[in-house]
Amino acid sequence: ESGAQKTPLALAFESIAGSKTDAVVVPKGYTAQVLVPWGTPINDSVGPWSADRVVTPEYQANSVGMHHDAMDFFALSEESASREFVLALNNEYIDQGALWAPQGGPSNQDSGSRPADEVRTEINAHGVTLVKLSKNSDNVWSSDAGSRYNMRITSATPIEIGGPVRGSDYVVTAYSPDGTRTRGTNNNCGHGLTPWGTFLSGEENWPAIFTKTSSRTIDDNRIGIPDGRSRYAWETAAGAVDEVDAEFTRFNATPSATSASGDYRNEPRTFGYMVEVDPYGNTASVSTEAAAIKRTYLGRFRHEGAWLGKLTAGQPLAFYSGHDARNEYIYKFVSKANWDPADANRPGEDYDRLAIGAKYLDAGTLYAARFNADGTGEWLPLTADATTQDGQRLSTALGLADDDLAGVIINTCDAADLMGATPMDRPEWATVDSNSGDVYVALTNNSDRTAEGTAATFSNGGSDIDGPGVAYDTAPTNAANPRANNQAGQIIRWREPSPAATSLHWEIFVFGASANDTDNLSGLTELNQFASPDGLWFDDRGDGQGILWIETDNGYDGVAEQTNDQVLAVVPSALSHERGQAPVVGAGNQQQLKRFAVGPNGCEVTGAFTTPDKTALFINIQHPGNWPADPGAATQDATRATDGSVRPRAATVVIQKADGGQIGV
Ligand code: FEO
Ligand code: CA
Ligand code: CA
Ligand code: CA
């Protein structure tokens, strides 16, 4: 706190009305510009996008991927950081209808063999996009197709495996007999930003791209590897190359079904991690060809992201992760190495950042969170020698050898079950108030929450199956997840004494709801009602203050009938609140949560950062239904009709003030 000198930060825009149009709506005095929609070329090797563009494997490998999700920016110099940077962008999944619009849809999606080039195109539409953005003197932004930083990482790119799982029997495949490499990253959803200047990409709903019809292991069941045809049936594609490197059959992890040239039963165990990418392109510390490295110490699950805790010189780093599935857990990784400011990113310089990543991310301790009813909480260590709720050695309870840390990581969710972690309402993003160190996590919703809970059925498949330590199928309500059939979600926050602490104090920050709901616990109105919080970003404005940006991915009719998905803003330090069990945004505070932007029909809003000078807010519009017709057009035309003629494209949107001032204030 800077005492008398501090000017209270206040939101200086009027909360906007809900909207249900094919446009991005922003407050009066602001503009919105569409950037890098799916299919935008990132080099000159392919022709331009057009609405009738037939997307080939080559075209997709050299253009922006599909379904933009989390993103961050990487400056090329301190001086130019608000004008130009490398954008690192997750491409989460695909809309096959939009991808195959000129051909009338995917071939053989539900039966028979998928054509090899269709599968290659779909594989190339996933992953991560790196593309340089810059603005001109009129504050108009564009992507630079000539930049040497532009790059695609797809679900086929060679990637190294780091951390405790590296070199273990769990990840031996015919492709990597020593268990050090895999191909591809998939369903890249949330993210993380390291202080040494790398991008962490979360592998979330990857289990769906595999199939395993026999020889299933407990982790296959726990994490939900399908036992029938996979989501896109990539495993069915055939080709001459198949016998050599199992290009497609690697997605079938059934031992008897794998290629004659080798076995891919462990292929799913090479997914579920945070993948570290150097956006500046230097991968000197990983093997030839590998473009990134999977940091397995942060855990294996449906990994939404990994967000850095408060950074303090001489102390360990903490990274917070959510497993986005019903009744799954929140995790924290604490580095063994203490933070050395000499390791901080040097923008634009060419040196081996992944070697610094190894220092902080390949040694430490992984924990799972327990939230007690009295507002306290504990971090439960997921170490081989930890003691479970039932008094057993964790490795023994998991059926592993005594010191099998790789096995604990492979079975992260089972380990957390056995330690007594608190099942949450689908943890999505985290963000950290860089001043107070308060950690915020979006708990998006949970249809499998009941007052009493119901007994486990130990079924296979799906994303909410039961593991060896789980006694329930639908989880009973608890203090941190207090609503049965929770359709609107909530944001929890907590504070810890230090990054390595094993205790915390938590409270509910805000409950989502429709203004008309009887359980509208935060007193929301027509101007700030929301449901299913997902993206979060704390935007530090100095003096110990900042804006918490909240983005939604809502499937709850109570709110969806009133507005499309949206961006809200609140200044946590401006709220009057005694720490305790009542929601922080409640009586007396609800007007300070303001709706800043609304997305087009059918979309979710995700991805968030502002430039260092705070004049531009970047967001992503994912899975829009009918937008944008013209990426260069203004996006505030709320009257444009839905006529079904648009091939929808996910895109980044940059929101600026017409007068060039700071966003939000
Ligand atoms: Fe891809 Fe949990 O959001
Ligand atoms: Ca999400
Ligand atoms: Ca979501
Ligand atoms: Ca999504």
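Residues are numbered from 1 along each chain as its sequence is written, and chains are lettered from A and ligands numbered from 1 in the order in which they are written. Since the model is predicted, local features need pLDDT of at least 70 and side-chain atom pairs count only at pLDDT 80 or more, while totals for chains, interfaces and linings use all residues.

**Overall fold**

The protein chain has ten helices and 32 strands, where helices (H or I, at least four residues) and strands (E, at least two) are DSSP runs numbered from the N terminus. Its radius of gyration is 23 Å, close to the 26 Å that the globule rule gives for 665 residues, so the chain is as compact as a globular protein of that length; the radius is taken over C-alpha atoms, and the rule is 2.2 Å times the number of residues to the power 0.38. The C-alpha trace spans about 65 × 60 × 50 Å along its principal axes. Of the 665 residues, 56% are buried, a residue being buried if 20 or more other C-beta atoms, placed from the backbone, lie within 10 Å of its own. Among contacts between residues at least 6 apart in sequence, 67% join residues at least 24 apart, with contact meaning that the C-beta atoms, placed from the backbone, lie within 7 Å.

Six strands form an open sheet of mixed pairing in the order 8-7-12-11-10-9, two strands being paired if DSSP finds at least two bridges between them. Its edge strands, each pairing on one side only, are strand 8 (181-183) and strand 9 (188-193). The twist averages 35 degrees from one strand to the next, with axes as lines fitted to C-alpha atoms and angles running from 0 to 180 degrees between N-to-C directions.

Another open sheet contains nine strands in the order 13-14-16-17-18-25-24-21-20, with antiparallel pairing; strand 13 (307-308) and strand 20 (427-432) are the edges, and each pairs on one side only.

Together with strand 31 it forms a hairpin that has five residues between the strands, and Lys614 in the turn has a positive phi of about 65 degrees.

In helix 6 (residues 353-361), the buried residues are Arg353, Leu354, Ile356, Gly357, Tyr360 and Leu361. Seen down the helix axis they fall within an arc of 150 degrees, so they line one face of the helix; the arc is that of the directions from the helix axis to the C-beta atoms. The elements covering these residues include strand 11 (274-277), strand 12 (293-295), strand 14 (316-322) and strand 16 (330-338).

The largest nonpolar core has 175 residues, and those with the most contacts inside it are Ala88 and Ala368; such a core is a set of buried Ala, Val, Leu, Ile, Met, Phe, Trp, Tyr and Cys residues joined through C-beta atoms within 7 Å. Its largest share, six residues, comes from strand 25 (residues 503-511). Leaving aside neighbours within four places in sequence, Ala368 is in contact with Tyr329, Tyr331, Leu380, Leu382, Ala416, Met419 and Ala421.

Notes: A residue is buried if 20 or more other C-beta atoms lie within 10 Å of its own, exposed if 12 or fewer, and partly exposed in between; C-beta atoms are placed from the backbone. Two residues are in contact if their C-beta atoms, placed from the backbone, lie within 7 Å.
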